[in-house]
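Here's a walk through one protein model, going from side-chain pairs out to the whole chain. Keep the viewer open and follow along.

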Amino acid sequence: MNKLVRNLLTLNQLESGRDEMTVERFDIVTLIRGVLQSMDIMIQQKEAKVGFDAEKPVYVWADEFKTEEVIRNYFSNAMNHVKGDKIIDIKYTMLENKVRIGIFNTGDPIPVDSLPHLWEKFYKVGKARTREYGGSGVGLSIVKAIMDSMNQQYGVINYTNGVEFWIELETK
């Protein structure tokens, strides 16, 4: 309950525009490695195979704290929904003046009729399944609010063997 209240307060601040944005230059690779390290026990418990092959820094301009919250949310969702081969793959693609970061997990694709609603507050694709891991239905609406406040793109792609959530961040 405490986590839900904190998430709702965060979302309220973001949506009202009262939350301060601190845009700075930082290495997104280091940030992702930090998130993975902090979630190592959860990864081991799930017996997930996590891939992230980044050899050199990738510097972005964004709010580092809020970006970490987005990555942590996407990764937690991937952990909660990983199935089958239990693969979670984090990749980045360099675009013109941007980088796209995607977090893919094997498992069930999201039903097509649910895709437009994913970013809505309290929306849950599988209400019974989200109760299993304590999902509140607020995480992706926080992602939306953060990415909108930074004027950056985000989205989801269904594959036959899983789902990828992605964001784009400025590199210049």
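## Aromatic pairs

Phe 165 is buried, with a relative accessible area of 9%. Bear in mind that this is a predicted model. Tyr 74 is buried as well, at a relative accessible area of 1%. In total, four aromatic pairs turn up in the structure. One of them joins Tyr 74 and Phe 165: the ring centres are 5.2 Å apart and the planes make an angle of 45°, which gives a tilted pair. Tyr 74 belongs to helix H4 (residues 64-81) and Phe 165 to strand E7 (residues 162-170), so this pair ties together parts that are 91 residues apart in sequence.

Next up, Trp 119 and Tyr 154. Here the ring centres are 4.9 Å apart and the planes sit at 75°, so the pair counts as edge-to-face. Trp 119 comes from the loop between strand E5 (98-106) and helix H5 (127-133), while Tyr 154 is in strand E6 (residues 154-159), so parts 35 residues apart in sequence are tied together. Trp 119 is buried, with a relative accessible area of 14%, and Tyr 154 is buried too, at 18%. Buried means under 20% here.

## Arginines over rings

What sits over the ring of Trp 166? That would be the charged end of Arg 100, 3.5 Å from the ring centre. Arg 25 does something along those lines with Tyr 59: its charged end sits over the tyrosine ring, 4.2 Å from the centre.

Arg 100 also has a salt bridge, with the side chain of Glu 168, at 2.9 Å from N to O. Arg 100 is part of strand E5 and Glu 168 is part of strand E7, so the bridge ties together parts that are 68 residues apart in sequence. As for cover, Arg 100 counts as partly exposed at 26% relative accessibility, whereas Glu 168 is buried, with a relative accessible area of 8%.

## Other salt bridges

How many salt bridges does the structure hold? The count is seven. Among them is the one between Asp 108 and Lys 83, whose closest N and O atoms are 2.7 Å apart. Asp 108 lies in the loop between E5 and H5, and Lys 83 lies in the loop between H4 and strand E4 (87-95), so the link spans parts that are 25 residues apart in sequence. Asp 108 is partly exposed, with a relative accessible area of 42%, and Lys 83 is partly exposed at 36%.

Lys 91 and Asp 89 form another salt bridge, with 3.3 Å between the closest N and O atoms. Lys 91 counts as exposed at 51% relative accessibility, just past the cut-off, since exposed means over 50%. Asp 89, at 24%, counts as partly exposed.

## Helix H6

Is helix H6 mostly covered or mostly open? Mostly covered: of the eleven residues in H6 (residues 139-149), eight are buried. The buried set is Gly 139, Leu 140, Ser 141, Ile 142, Val 143, Ala 145, Ile 146 and Met 147. If you check the backbone just after H6, you'll find Asn 151 with a positive phi of about 55°.

## The whole chain

Now zoom out. The protein chain has six helices and seven strands. Going along the sequence, they follow the pattern α-β-α-α-β-β-α-β-β-α-α-β-β. Of the 172 residues in the chain, 44% are buried.

On the contact side, take the contacts with a separation of 6 or more: 71% of them are between residues 24 or more positions apart. The Tyr 74 and Phe 165 pair, 91 residues apart in sequence, is a handy example of parts tied together along the chain. Finally, the accessible surface of the protein chain comes to about 9700 Å², and carbon and sulfur atoms account for 50% of it.

Note on methods. Residues are numbered from 1 along each chain as its sequence is written. This is a predicted model: local features need pLDDT of at least 70, side-chain atom pairs count only at pLDDT 80 or more; totals for chains, interfaces and linings use all residues. Side-chain values use heavy atoms; hydrogens and water are left out. Rings of Phe, Tyr and Trp (its six-membered ring) pair if their centres lie within 6.5 Å; planes under 30 degrees apart count as stacked, over 60 as edge-to-face and the rest as tilted. Helices (H or I, at least four residues) and strands (E, at least two) are DSSP runs, numbered from the N terminus. Buried means under 20% relative accessible area, exposed over 50%, partly exposed in between (1.4 Å probe, protein chains only). A charge sits over a ring if NZ of Lys or CZ of Arg is within 6 Å of the ring centre and within 35 degrees of the ring normal. Contact means heavy atoms within 4.5 Å. Accessible areas come from the Shrake-Rupley method with a 1.4 Å probe; for residues, only the protein chains shown count as cover. A salt bridge is a side-chain nitrogen of Lys or Arg within 4 Å of a carboxyl oxygen of Asp or Glu.
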